[in-house]
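Hello,

Here is the structure I said I would pass on. My notes on it follow below.

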Amino acid sequence: MSASAVRAAHETRVVVGRLRRRFKETYDNEELTPTQTAVLSRLSKEGPASTSDLAAAERVRPQSMAATLGVLDERGLIQRRPDPDDGRRQLISLSESGTAYVDDKRRAGEEWLAQALESGYTEEERQDIIKALALLDRLSRA
């Protein structure tokens, strides 16, 4: 393996971790756990899912996911409806409040990032970042 591949792997992991932490700092998570936040994000991106599907996707036990969903339900962030293909199951989706919550958090992160890019980088550097992100996107699909 080339030294540049090893270095790029290390630097990418470090930078992505730092950026993730900075995004989390940009908004108040309203005391939601990382799992609760991840479930809201997943429902926003992928649409309705059953409890067992969410548990498998988040790699937790169905009982743990049921507890997570209970908290989100209490806060009015999700809604439940019968699965049209299997009446014994329920499909979980974001409520209006849940959608607004996720949208607000994403917007806060993007606003922080846009301001940081505007004030701390030249136009040429921002174009370089855009080009690098295209490469990272390709990497994420490998």
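**Ser 50 and its surroundings**

A polar atom of the Ser 50 side chain lies 3.0 Å from the backbone nitrogen of Asp 53. That is a polar contact, meaning a pair of N or O atoms within 3.5 Å; within protein, one must be able to donate a hydrogen and the other to accept it, and residues adjacent in sequence count only if both atoms are side-chain atoms. The model is predicted, so local features need pLDDT of at least 70 and side-chain atom pairs count only at pLDDT 80 or more, while totals for chains, interfaces and linings use all residues. Residues are numbered from 1 along each chain as its sequence is written, and side-chain values use heavy atoms, with hydrogens and water left out.

The side chain of Ser 50 also has a polar contact of 3.2 Å with the side chain of Ser 52. Ser 50 sits in the loop between H2 and H3; helices (H or I, at least four residues) and strands (E, at least two) are DSSP runs, numbered from the N terminus. Ser 50 counts as buried because its relative accessibility is 2% (buried is under 20% relative accessible area, exposed over 50%, partly exposed in between, with a 1.4 Å probe and protein chains only). Leaving aside residues up to four places away in sequence, Ser 50 touches Arg 89, Gln 90 and Leu 91, where contact means heavy atoms within 4.5 Å.

Not counting residues up to four places away in sequence, Leu 43 touches Pro 48, Ala 49, Leu 54, Ile 78, Ile 92, Ser 93 and Leu 94.

The axes of H3 and H4 come within 9 Å and cross at roughly 110°. (Axes are lines fitted to C-alpha atoms, for helices over the stretch in contact, and angles run from 0 to 180 degrees between N-to-C directions.) H3 is therefore roughly perpendicular to H4; angles of 65 to 115 degrees count as such, under 35 as roughly parallel, over 145 as roughly antiparallel and the rest as oblique. On the H3 side the contact uses Thr 51, Leu 54, Ala 55 and Glu 58, and on the H4 side Pro 62, Met 65, Ala 66 and Leu 69.

For H2 and H4, the axes come within 10 Å and cross at roughly 80°, so H2 is roughly perpendicular to H4. Here Thr 35, Gln 36, Val 39 and Leu 40 of H2 meet Met 65, Thr 68, Leu 69, Val 71 and Leu 72 of H4.

**Other residues**

Arg 59 is in the loop between H3 and H4 and has a positive phi of about 60° although it is not a glycine. At 75% relative accessibility, Arg 59 counts as exposed.

Arg 107 lies in helix H5 (residues 96-120) and is partly exposed, at 44% relative accessibility. The side chains of Arg 107 and Asp 104 make a polar contact of 2.8 Å.

Regards
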